2 protein chains.
Amino acid sequence: MNSKLQWLRNTMNSLDLQGIIISNPVNIKYLTNIDAEGILLLTRKDNIFITDARYIEHVHSILTLYDEIIVYDLKDISKDDYENFFLFCENVGFEEYYVTYADYKEMIRKYKINNLVETEHIIEKQRMIKDKDEISNIAKACNITDDCFKHILNYIKPGMTEKQIAKEIDEYYNINAEGVSFDTIVASGENTSKPHAIPTDRKIKEKDIITIDMGCKVNGYCSDMTRTFFVGEVLEEVKEVYDLVLKNQLQTQEDFKDGANTRLLTKMVENDFKLHNYDLVHSLGHGVGLEIHEAPYISYKSDTQLKENMVVTNEPGIYIPGKFGVRIEDTVQITKFGSVSLTNSKKDYIVI
Amino acid sequence: MNSKLQWLRNTMNSLDLQGIIISNPVNIKYLTNIDAEGILLLTRKDNIFITDARYIEHVHSILTLYDEIIVYDLKDISKDDYENFFLFCENVGFEEYYVTYADYKEMIRKYKINNLVETEHIIEKQRMIKDKDEISNIAKACNITDDCFKHILNYIKPGMTEKQIAKEIDEYYNINAEGVSFDTIVASGENTSKPHAIPTDRKIKEKDIITIDMGCKVNGYCSDMTRTFFVGEVLEEVKEVYDLVLKNQLQTQEDFKDGANTRLLTKMVENDFKLHNYDLVHSLGHGVGLEIHEAPYISYKSDTQLKENMVVTNEPGIYIPGKFGVRIEDTVQITKFGSVSLTNSKKDYIVI
């Protein structure tokens with residue numbers, strides 16, 4: 001059995017769970033490397049993956065004997081089979097943050113479970129701490145993103161549309177990685193004032209400000225990076241905001257380390273922004289891994305500690321509605337006494 | 001207030017619901033045209049959309065006074081506000097098929113709701129029957145898909161990879177529509193034996209069989225079409241399977257009409273396949289609308305009636321593991337006494 005499934009079995013023992021039902025496909029991918037629709041059951045004796053005809057061939061091509069996972073076709077499972085999976089199990093865990101209320105009721109009925117127990121994100125919590133292979137995958141995705149950014153700075157010319165630039169990024173990632181890790185953001189001019197801008201047909205002009213938020217995937221693991229930069233010259237009216245965002249981004253990078261509190265990290269940036277009459281309207285950062293947004297979340301609402309080998313973003317931003325916005329974002333590995341930025345693109349004024 | 005919100009208020013009255021919480025973003029888009037993260041509350045007096053800073057500008061740009069929707073920023077809502085929204089509401093509906101078990105518990109706590117009531121897909125059921133504008137959008141998406149298929153038949157040459165062909169389709173849709181409605185499937189040779197194939201670097205050869213499953217979006221509404229075709233000549237070993245799939249696809253189109261039973265429709269195809277020693281391994285079809293897969297589902301598990309102005313796919317397929325597969329799929333509008341195919345690409349042997 002692989003080390004991640006073994007970890008889960010040990011954790012189940014310590015939580016007095018005799019069985020567990022894993023429904024979240026990202027957690028299934030994390031535990032088994034299976035990338036298909038289905039459900040993973042750990043019963044007293046067996047690891048079982050239930051899928052359907054569409055995926056049977058694919059799943060068999062991924063698994064080896066060593067995985068110790070039995071694959072069932074949904075169509076071949078009887079009512080009795082379902083009731084037998086968790087026979088004599090006192091407590092069976094489920095993912096209450098993933099499973100709908102309707103599915104919860106259906107699980108109790110179908111598996112005849114006595115005590116269906118909330119598992120409080122146990123797998124997501126484990127996923128926060130990355131092992132060597134996971135960090136290596138994310139670092140590769142970050143390198144490709146740095147290279148893509150270099151390419152795109154040379155590519156952009158006045159007259160191109162935001163959509164055209166986004167498409168070039170997407171193609172770069174399709175060729176050099178497993179595609180994008182989220183919908184690429186290319187915002188120019190006043191569109192940069194929308195943190196969540198969707199690329200439009202607006203054409204790049206001289207003296208424009210441009211924000212690009214982009215990332216790709218390597219072996220399923222994501223990168224995430226944002227830069228705000230300038231066409232022709234740095235706009236005077238933007239400098240104060242840019243400097244303030246960069247100062248806080250660098251300060252946060254200094255403050256990142258094992259033990260740092262996520263709420264305090266956010267408060268520090270919020271306070272400095274407020275001193276200058278600006279707001280921090282979104283999170284300061286988030287975990288990155290198999291998902292582009294995952295735990296831990298670095299915001300005023302989250303009160304947790306960063307730990308060694310977490311990988312998180314550091315992305316302060318300021319947005320002035322109808323005018324412009326500035327965001328600078330790196331993907332960063334937390335270490336024992338500090339942090340290592342996996343993103344290496346430059347952060348002082350970039351002019352193309 | 002728009003007609004869809006008015007319909008929902010009438011339905012709430014008839015179900016003795018004094019309030020409702022809509023969490024599914026597709027249902028929010030259907031009811032309000034809002035395409036943003038957030039939650040829609042219908043309280044005794046107000047229609048309220050709660051979102052966050054990322055979307056406020058965008059939402060305001062969509063809504064008019066006529067919509068009668070009050071927009072709140074999440075950050076500005078106090079504990080008391082939450083408790084006041086459904087004050088004096090006996091029964092408040094929620095979407096048990098969308099809301100997680102954890103969110104369900106949180107809703108009861110946050111809104112102090114006495115009786116949080118399962119609403120059994122009321123909105124999804126209403127969405128099954130399309131109005132004129134919705135059908136017009138789907139028909140446009142189907143036309144663009146027919147045109148894209150014509151384009152791609154001319155485009156494909158031996159030596160090209162499946163990925164390259166899929167990219168060409170995606171670009172066509174990016175230019176002529178709102179992009180793809182699902183991940184384009186291009187499968188060739190033995191890859192066609194996987195119903196859910198992902199495009200690979202396999203190169204198209206002479207005497208190949210190719211399956212393409214593709215669709216795009218217009219005003220948020222989807223199209224869905226599959227064709228299996230041949231390079232150079234029709235393979236003798238495929239003809240029997242192709243003919244059997246096409247015969248059943250045409251028969252199903254004959255059988256589609258208001259009142260037709262989804263399980264019976266499926267059984268008819270299953271039985272004919274079995275008579276020839278083949279299986280129907282996936283559904284015969286599914287509804288198409290704002291989602292690529294939505295109710296009604298046409299499979300042996302579903303026991304419902306087709307109704308006038310439903311829009312569904314008709315997609316029988318046969319897959320021989322390690323060898324080849326054939327699927328033929330149209331998007332079809334159900335009418336009072338029959339059906340109208342919104343897909344118009346030819347279905348007899350196609351050779352490029």
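1. Let's start with the big picture of chain A. Of its 352 residues, 56% are buried. Keep in mind as you read that this is a predicted model.

2. How is chain A built? Its secondary structure comes to ten helices and 18 strands. Now for the contacts.

3. What about charge? Chain A carries 41 positive and 57 negative side chains. The centres of the two sets lie 2 Å apart.

4. Next, zoom in on helix α1 of chain A, which covers residues 3-14. From its first C-alpha to its last, this twelve-residue helix reaches 17 Å, close to the expected 16 Å. At its N-terminal end sits a cap, A:Asn2, with a side-chain oxygen 2.7 Å from the backbone nitrogen of A:Lys4. Just after the helix, look for A:Asp16, which takes a positive phi of about 60°.

5. Which residues of α1(A) are buried? They are A:Lys4, A:Leu5, A:Trp7, A:Leu8, A:Arg9, A:Thr11 and A:Met12. So you'll find Lys and Arg in that list along with Leu and Trp. The buried residues of the helix pack against several elements of chain A, including β1 (19-22), α2 (25-32), β2 (39-42) and α7 (132-155).

6. Over to chain B, where one residue deserves a visit. B:Glu95 is placed in the loop between β5 (91-94) and α5 (101-111). Is B:Glu95 buried or exposed? Its relative accessible area is 7%, so B:Glu95 counts as buried, the cut-off being under 20%.

7. What surrounds B:Glu95? Setting aside neighbours within four places in sequence, B:Glu95 is in contact with B:Ile21, B:Ile22, B:Ser23, B:Asn24, B:Asn27, B:Thr119, B:Ile123 and B:Glu124. Take B:Thr119 from that list: it is 24 residues from B:Glu95 in sequence, yet the two C-alpha atoms are 6.0 Å apart in space.

8. Finally, follow the side chain of B:Glu95 to two backbone nitrogens. It reaches that of B:Ser23 at 2.4 Å and that of B:Asn24 at 2.9 Å.

Conventions
Residues are numbered from 1 along each chain as its sequence is written. Chains are lettered from A and ligands numbered from 1 in the order in which they are written. This is a predicted model: local features need pLDDT of at least 70, side-chain atom pairs count only at pLDDT 80 or more; totals for chains, interfaces and linings use all residues. Side-chain values use heavy atoms; hydrogens and water are left out. Helices (H or I, at least four residues) and strands (E, at least two) are DSSP runs, numbered from the N terminus. The expected span of a helix is 1.5 Å times one less than its number of residues. Buried means under 20% relative accessible area, exposed over 50%, partly exposed in between (1.4 Å probe, protein chains only). Contact means heavy atoms within 4.5 Å. A polar contact is a pair of N or O atoms within 3.5 Å; within protein, one must be able to donate a hydrogen and the other to accept it, and residues adjacent in sequence count only if both atoms are side-chain atoms. Lys and Arg count as positive and Asp and Glu as negative; His and the chain ends are not counted. The place of a charge is taken as NZ of Lys, CZ of Arg, CG of Asp or CD of Glu.
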